[in-house]
Amino acid sequence: MNEGSNSMLKRLKSLKKFIGEQRLLPKIACVCCVAVLSACATDSSWYGEEAEPTIETTGAKKLEQIVAMQDRLDKVGGKLLISNADLCRKQLRNLLGFSVANKYSYSPALASMATETYGLGERLQVMNVIEGSGAAAAGLRHGDQLLKIDNRNVPTGVNAERDTVEMLSSIVSKNKPVRLTVLRNKARHNVVVPLTPSCGFRIELGHASNVNAYSDGSRILITQGMMLFTKSDQELAYVIAKEMAHNVLDHAKSMNNTRAASALIDNLIHTNANQKPSINASTLKPMSKKFDIDADTLSLAMALRANYEIDDAPRFWKRLAYRFPGTNIRNYTAQHPSTSARMDAMPQSVTRIKEIDKRRKALAVK
């Protein structure tokens, strides 16, 4: 085992020890978290005055909003997945580092508009290239159309995305760079994409207006409502990292929530944002206080490792709890009810995680 591996094991043990320490912190019981937060806050500026998140319903604005949300989700999620590969050893996978779509990636009502606006047709087209990935290093570009993968024709048409994912899973498992042939500016280009180790979680956009996020052990879903609520990439990183942490710590399985969470994620991927999903969040057991605090701690480390500042994390989670309280079962706070205990533990977690990260960077320089 080399010096780098030894230092990583030490850091993981330190983080694990710290998570254990958080369980011993005194917690304040709270019947109504919103009331406690309001009473304890000396500065009320953290919650602000916000309008309800607005989901576009038709036409060009709807398509533009969905594409913008997916772009942002790919960018922030990809950065977190790559930056935390060594913390996801049980869920490690190889990542190519780009997302694709064709006109069938959108509803029939938006398909023709996707063709007119983004040039999407039967073929899969590169929509995003993740910073720091093998695809970025290889020079893959937005707008490239996929023709071949390792000399095999890339599927086209209605099921192109699903069939291509199946094709890639067997190719990527060989742990070798992947050869792509793409069409760019009407000319063919051959690109060799090295694989990038990453956390093996799929991050999905949920077509729902409620402000929430879900994880089932292998996937993460962020609702459109949550996408609109997060004011910056940094705030979105807090949410994605929190669900990544729940997956790494295997909380869905421990809570017997895996089946319900998976069904809910499947449902929200396909549900129109303005329709009530046929499977609702009441089928999920609310996250325990211990699990939520543990996931908070690990998620702060994950966000910082992806170069997101974490000092504002407590303010963000307070604002979310105030704005969308647990009285509505579809809100994030209803599924994560221990707001007061989490806010008590988080400032110390931020300080400790920043100290650990500072040592990590110092060791990396040496």
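Predicted model: local features only at pLDDT ≥ 70, side-chain atom pairs only at ≥ 80, totals over all residues.
**Rings and helices**

Reader: Hi! What sits over the ring of tryptophan 317?

Author: Hi! The charged end of arginine 342 does, 4.7 Å from the ring's centre. For a charge to count as over a ring, NZ of Lys or CZ of Arg must be within 6 Å of the ring centre and within 35 degrees of the ring normal.

Reader: Got it. Which residue lies over the face of phenylalanine 229?

Author: That is arginine 319, at 4.3 Å from the ring centre.

Reader: And how many aromatic pairs are there?

Author: Five. Rings of Phe, Tyr and Trp (its six-membered ring) pair if their centres lie within 6.5 Å; planes under 30 degrees apart are stacked, over 60 edge-to-face, and the rest tilted. One of the pairs joins phenylalanine 316 and tryptophan 317: their centres are 5.0 Å apart, and with 70° between the planes this pair is edge-to-face.

Reader: Are those two buried or exposed?

Author: Phenylalanine 316 is buried because its relative accessibility is 2%. Tryptophan 317 is at 4%, so it counts as buried too. The cut-offs are under 20% relative accessible area for buried and over 50% for exposed, with partly exposed in between (1.4 Å probe, protein chains only).

Reader: Which residues do the ring pairs link into a cluster?

Author: Phe229, Tyr238, Phe316, Trp317, Phe324 and Tyr332.

Reader: New topic! Which residues of helix α4 are buried?

Author: In α4, residues 108-118, they include Leu110, Ala111, Met113 and Ala114. Helices (H or I, at least four residues) and strands (E, at least two) are DSSP runs, numbered from the N terminus. The cover over α4's buried residues includes α3 (59-83), where contact means heavy atoms within 4.5 Å.

Reader: What comes just after α4?

Author: Glycine 119, with a positive phi of about 70°.

Reader: And how far apart are the end C-alpha atoms of α10?

Author: They are 19 Å apart, which agrees with the 18 Å that its 13 residues (258-270) should span at 1.5 Å a residue. The expected span is 1.5 Å times one less than the number of residues.

Reader: What covers the buried residues of α10?

Author: The cover includes β9 (202-206), β10 (213-215) and β11 (219-223). Among the buried residues of α10 are Ala260, Leu264 and Leu268.

Key: Residues numbered from 1 in each chain as written. Heavy atoms only, no water.
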